[in-house]
Amino acid sequence: MLAAWLGALVSLVLLVAPASAEARYPARVVTIVVPFPAGGPTDTVGRLLAQAMGGALKTQFIIENIGGSGGVLGAARVAKSAPDGTTLLLHNIGLATSVALYRKLPYDPRRDLEPIGLVNDVPMSFVARRDFPASTLGELIDYVKVRKDEVTYANAGIGGASHLCGLYFMSAIATRVTPVPYKGTGPAMNDLLGGQVDFMCDQTTNTTNHIKAGKIKVFAVTSKARLPSLPEVPTMAEAGLPGIELGVWHALLAPKGTPQPILEALAAALQQALADPLVLDRFAALGASAATRDQATPDALRRHLDAEIAKWSPIIKAADAYAD
Amino acid sequence: MELLGDLATGFAAAFTAANLLYCFVGVLLGTLIGVLPGLGPNATIAMLLPFTFTLEPLSALIMLAGIYYGAQYGGSTTAILIKVPGEASSVVTALDGYQMARQGRAGVALATAAIGSFAAGSFATLLVAVLGPLLADVALAFGPADYCSLILLGLVASVVLAQGSLLKAFGMIVLGLLLGLVGSDVDTGVERFTFGIPKLAEGIPVAVAAMGLFGLGEIVHNLRDEHAREPIARRISGLLPSRADLARIVGPVTRGTLIGSALGVLPGGGSILASFAAYSLEKKLATDEDAFGKGAIEGVAAPEAANNAGAQTSFIPMLTLGLPSNSVMALMLGAMIIHGIVPGPSVMVEQPTLFYGLVASMWIGNLMLVVLNLPLVGLWVRLLSIPYHHLFPVIVALCCIGAYSLRNNVFDIYLMAAFGFLGTLLVALRCEPAPLLLGFILGPMLEEYLRRALILSRGDPTVFVTRPISAVLLALAAIGLIAVVLPSVRKLREPA
């Protein structure tokens, strides 16, 4: 109530006029639910998308942040919303991993949600404190195997991308090291910069600047090909550990039962947004690659979601990790 | 003299008509939300983020920053007038500020808070510009073990906040620590003390506990008195501090500024520690320790200076390293990313105008806040002349709206009511809620750092004494504890 009032006041102050809505779909303002707090990486993607898709469909797209329980609360809200195309969900890789991470998930991502399309993919990078003895991925693996009781790796919380990437790495080299959980990437990076913790795997969005400044070491990136922003850094396969290709992807979904024409209109608007130079520019700054026209479709996202659930569930189950 | 040139560039960038306007809008909004309990800078900045899309990056950051430190000014207003601290940082201000208000010196307390904040803000802003990168490196040297010892030192210091029995103060701190454990375990995600209530899974919001313990507890306490039909303050003496008052606050403001500036740099709660570290120090230095808690002007000046200095220097890790020191800074980083600026150490080098422009705007904003707040003092004080039976329903309503707006959650209102009941009970038992609240705020942080320090040391507890920073802090805590316990032990023995 208060929030709405304040929002209204501010929009007056800033002279932001609400966009006029058209008669057909979308007849009303479209809400994209971001199941994480404002200001986070998923929120940033959502806000860029809301602006561009709003332009494409000539209506106002607003973001509603429903954070909590690693994205489960917000996703559950959308799964139960009216399937009329006015409530959408922007989620990330967590949608696929929540299936294995939560024993009591209040929704089934494949049964209760309708895919619209993939949005983008942010690669991860393996980084270590500046004075860490190993300098290449091979050396890191040797070092970790010999001293698995001493080495520590930071993660930004259970079920987060950095945690999953660490699990994936350890299952690939069949060695377990001590995880050090943090509340978010910021504090984890703080301790990595300060040399308190040995290594971590994090989105390039957070690591690129520190890598370039020489404050941390980098071993490899988890993308298929080298990144334009870090051309000198090898991929995992090049560095000697093929098969680890992972990234934090974002996807747009709608409640199950949303009419086909609306889904098609939304997918078209998404594709249009992903061709917007401003969006591409900002994604590039984040180290994210925008989904291609073929990926930003309901079918492609459905296949992607199935593949990701199949990929992560055994890894998470093997690590016996649960978020609830 | 490169710095002067950089600062000149910064002021030039901040002194455009548009940026001055955004700075003003920011501090005005900040003051407003600071006055409204519950609604904090976090929620406000989150709501405003989309509006800043269309602005220049510098203008956006200037406005968002203004909201943040503006809220530090506004938060003390309700703490002083009606003992409702809207923010964790103004909890301490409520102790002596509210007593001053009851004595008719609300105007003096409010003006002292504004003047102290301005002096501290000006100094801390300069510090950000001159020593920002250097201080950021110092902050990085702090490891989990060091934070853990710092928080322990803070807990020892918080014993000083209580006036009565030492044993009760310790009891309150421990109860606070336990309440802080409610919620999901950091490492495993297991829920603790939630009784299966999902709304408790993320813990109890600090503002809910503070409004319940202080705000509602005080209302019940007042209503039990026969004065309930009268205003909080019957006579109002002087709106502005006298020359003697000003002379008394110079020392506290200076010390508060230094403590706040130093602790504010530390990410993860440094600035929360600052306000009551400053209060504890003043109480220990004071010739008349008993005056504290009964309306000592030093007890308002020092913590207000400390929390505003801390608010400014907490920008240092964000601006120089791209690391958020609290959730508001995390939102500001998000704002930078949305504007295409990738946060990190290179921002200062590549975007000097942004860095120095923001720093310059922080000084301008602080000046605006004083100009904005001093004339408001008279208006606020007049509120206190409203008969209490008209005023208290308004306070209750404001607290309810505040509690609800935190997470759009009715459950939080019930939770606040429960804390109100606890607060009333504590007053009846002559236990003070302030140490409880500080234990509650620091408890989760203590646990997080303790566990992380022990994971990193592979379970070896000697890490707390072998790391130099930690060892010094622990030694200080031990000295503090002895200094607090010895006199009261002696007092116990004397009659025997």
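This is a predicted model: local features need pLDDT of at least 70, side-chain atom pairs count only at pLDDT 80 or more; totals for chains, interfaces and linings use all residues.
Q: Which helix holds B:Ala209, then?
A: B:Ala209 lies in helix H9 of chain B, which covers residues 206–224.

Q: Is B:Ala209 buried or exposed?
A: B:Ala209 is buried, because it has 26 C-beta neighbours inside 10 Å and the cut-off for a buried residue is 20 or more.

Q: What is B:Ala209 in contact with, leaving aside neighbours within four places in sequence?
A: Its contacts are then B:Ile204, B:Phe419, B:Leu437 and B:Phe440.

Q: And how are helices H4 and H12 of chain B packed?
A: Helix H4 (residues 57–82) and helix H12 (residues 298–313) of chain B have axes 9 Å apart, at an angle of about 165°. The two are therefore roughly antiparallel.

Q: What hand does the crossing of H4(B) and H12(B) have?
A: The crossing of H4(B) past H12(B) is right-handed.

Q: Which residues make that contact?
A: H4(B) contributes B:Tyr68, B:Tyr69, B:Gln72 and B:Ser76, while H12(B) contributes B:Glu304, B:Asn307, B:Asn308, B:Ala311 and B:Gln312. By class, three are nonpolar, five polar and one charged.

Q: Moving to chain A: how is it divided into domains?
A: Domain 1 of chain A consists of 28–122 + 247–319, and domain 2 of chain A is 123–221. Taken over C-alpha atoms, their centres are separated by 27 Å.

Q: How many residues are in contact between domain 1 and domain 2 of chain A?
A: There are 16 residues from domain 1 of chain A in contact with 12 from domain 2 of chain A.

Q: Which element gives the most on the domain 1 side?
A: On the side of domain 1 of chain A that touches domain 2 of chain A, H11(A) gives the most, with five residues. The residues of that side comprise 11 nonpolar, five polar and no charged.

Q: What about helix H8 of chain A: how many of its residues are buried?
A: Helix H8 of chain A (residues 204–212) is mostly covered, with eight of its nine residues buried. Among them are A:Asn206, A:His210 and A:Ile211.

Q: What covers those buried residues of H8(A)?
A: The cover includes helix H2 (41–57), strand S4 (113–129), helix H7 (185–193), strand S7 (199–203) and strand S8 (216–221) of chain A, together with helix H15 (346–350) of chain B.

Q: Which residue just after H8(A) takes a positive phi?
A: That residue is A:Gly214, with a phi of about 75°.

Key:
Residues are numbered from 1 along each chain as its sequence is written. Chains are lettered from A and ligands numbered from 1 in the order in which they are written. Domain bounds come from an automatic or database domain assignment. Two residues are in contact if their C-beta atoms, placed from the backbone, lie within 7 Å. Helices (H or I, at least four residues) and strands (E, at least two) are DSSP runs, numbered from the N terminus. Ala, Val, Leu, Ile, Met, Phe, Trp, Tyr, Cys and Pro count as nonpolar, Asp, Glu, Lys and Arg as charged, and the others, Gly among them, as polar. Axes are lines fitted to C-alpha atoms, for helices over the stretch in contact, and angles run from 0 to 180 degrees between N-to-C directions. Angles under 35 degrees count as roughly parallel, over 145 as roughly antiparallel, 65 to 115 as roughly perpendicular and the rest as oblique. A crossing is left-handed if the near helix is turned anticlockwise from the far one by less than a right angle, and right-handed if clockwise. A residue is buried if 20 or more other C-beta atoms lie within 10 Å of its own, exposed if 12 or fewer, and partly exposed in between; C-beta atoms are placed from the backbone.
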